[in-house]
Amino acid sequence: MLTIESLKEFGADTVSGLQRCMGNEALYLRLAGSVAKEPGFDKLKEAIDAGDRSAAFDAAHSLKGVLGNLSITPLYNKAAEISDALKAGEDRDYAALVGELTALKDKYAALI
Amino acid sequence: MEHFRETSGHKRRVLIVDDEMVNREILGNILSGKYDVSYAGDGQEALELIKGEKPGFSLVLLDLIMPRMDGFELIKLMRADNEMRSIPVIVMTAEADAEVKSINLGAADFITKPYDMPEVIIARCERIIEFSEDKTIISSAEKDNLTGLYSRDFFFEYIRQIEEFNNDTRMDAVVFNIDHFHLINEMYGRKTGDKVLKGLADILMNIFEDVAGIGCRAEADRYYVYCQHQYSYDNIMQKIQDNLPELSEKAKIRVRMGIYPNVEKDIEVEAWFDRAKVACDRIRGDYTKSMTMYSSELHEISRYHEELINEIDEAIENRDLIVFYQPKYGIQGDKPVLKSAEALIRWKHPRRGMISPGDFIPLFESNGLIQKLDNYTWEEVAHQIRRWREKYGRVIPVSVNVSRIDIYDPALEKKLMKLVEDCNLTTKDIMLEITESAYSDNQDTLVRVVENLRNRGFKIEMDDFGSGYSSLNMLTTIAIDVIKIDMKFIRNMLKDDKSLRMVKLIMDIAGFLEVPVVTEGVEEKAQVDKLREMGCDLIQGYYFSKPVPPEDFEKLIDKEMQG
């Protein structure tokens, strides 16, 4: 069961996240809870595996938006790193980066 | 009147387009307190919603990267469409360069992800909606400089906007007009006129504020008001009447009101006010009524009047307006003698046939066009007198009508003198008929104008004597040369003793003033005999001849000459 406390512990900026939800805790927790099932994670992995950097960027960019709005900082930071790198056309080990993101996501999903 | 938008109580609709449920919900949660929020998951879905039911969206909040149809493509499509073009779009993005690109494509603003604080987002949306709504109606001058009311174009645009969110509220279109405003301007000058216009605007604004009204000055002295439906306008009219005396110390202001109640929302806004205007115009010149409601019967009459007004210039040019002459006979000798004539205008319309003077004279009197008609008649008459003089070697003096508005024409004397000179006449040859209505407005002007004309040698006839309230007043104020008795006394003089005594009384007055009396509307020999016995000098009426065109009048002259 996801709580404000567990989110905080995970590293989320729950103050900002709650503010964006106009203080509506139930809404915030429900939306934060949906993140683990966010299809963007799979899409990003598939695109990277297939070598489709454009599709990968779209997926990373979407994740970045959602995670940013909910202020789930550790996940947001990693998604932003991937998104920004893809956008800049940097040659990085994207499979490894996605692996790190997936690991964080799994840790997050465990909270739920 | 300013805050109709806020008080109308209907929420604007906004559309959130984002493929991420989380973003949609956060944003929707922020905006739903203020707006009626709809959602779309991609551009295609958004397009269908935008093209869908009314009222339309006031704002689209658009994510850029989406499956199926992305944000860029949707903006492009919206900008290319005449209706969708006016809906502002705020782009939501985390990419700085996308912001530039979307603004270039026509986005009104952008919101960054992660979102700013909710208050910031709401404020941005409010600002963009307001800006966009104002922009569509700001293309014309918003306010009328003189009165501070909305300009006509702005007013119509504003109503269309109100209707977008307020369509189910019953509303009325109301038109106000100042009676004879052109006379106020001519008699008291432009400054007084302007003061009256501004004053009336203030009165209307004050009174209609209570019923969520907005107003504009549509034309010179015509005002439009759009307000919530009123069961009765008696109170509103009373309040307006109570305030009118303050408008001017000199001029007496009368206002009339036409109402198109519970407007039919399916027809054009402009047409609502056309209908109210029809009602308003209908009671022009009717001093017993100050307001009326629109009806379809009124519509027909007004269309007819409009056509007549539009056709007058053409009628003058094509000589469809013909001056007829009705003879006046002296009856005090052994047998009647043709002395003079009265000029009467007739309209022989190419399509409608003869139009009754009753259809167009009061109409043109009410809008000032009568001046055109009078000027035309004078000219025709002057030339006719000259032609007859050349043909018969004698002058037949002709009376012409001088309307109220002519009295205030600064060029009146000059115009008449020019005709006299051009046709080589004397000022005695054209007689000027003035009715009592000329008396009621501004006596100083009337006295001065009449004196000047008499000094020139023109004879002034007082027409329709006894028909109004101020006949006697007028006699004591201005010097006149002839009294014409109102024909209703003549018509009844043998049937009803009161009328007979009135005729006798007027004869006595004329005798006292030592001016001749003309009686109009004489139809029977018995009337002629009675009038002769009473000492009447001149008679005009069907008994001798109806008004006839010049060629027929010549037959009367011929008969007279043969003896």
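Select Met293(B) to begin: at 37% relative accessibility this residue counts as partly exposed, the class between buried (under 20% relative accessible area) and exposed (over 50%), with a 1.4 Å probe and protein chains only. The model is predicted, so local features need pLDDT of at least 70 and side-chain atom pairs count only at pLDDT 80 or more, whereas totals for chains, interfaces and linings use all residues. Residues are numbered from 1 along each chain as its sequence is written, chains are lettered from A and ligands numbered from 1 in the order in which they are written, and side-chain values use heavy atoms, with hydrogens and water left out.

Met293(B) lies in strand β10 (residues 291-293) of chain B, where strands are DSSP runs of E with at least two residues, numbered from the N terminus. Display its contacts (heavy atoms within 4.5 Å): leaving aside residues up to four places away in sequence, Met293(B) touches Tyr233(B), Ile259(B), Pro261(B), Ala279(B) and Leu298(B).

Next, select strand β6 (residues 171-178) of chain B, which is largely enclosed by the rest of the structure because 8 of its 8 residues are buried. In a regular strand the side chains alternate between the two faces of the sheet. On one side of β6(B), Met171(B), Ala173(B), Val175(B) and Asn177(B) are buried, and on the other so are Asp172(B), Val174(B), Phe176(B) and Ile178(B).

Finally, show the neighbouring strands, which pair if DSSP finds at least two bridges between them. β6(B) runs antiparallel to β8 (residues 222-228), joined by 7 bridges, and Val175(B) stands opposite Tyr224(B) there. β6(B) is also antiparallel to β9 (residues 255-260), with 6 bridges, and in β9(B) the bridge partner of Val175(B) is Gly258(B).

Terms used: Helix = DSSP H or I, 4+ residues; strand = E, 2+ residues; numbered from the N terminus.
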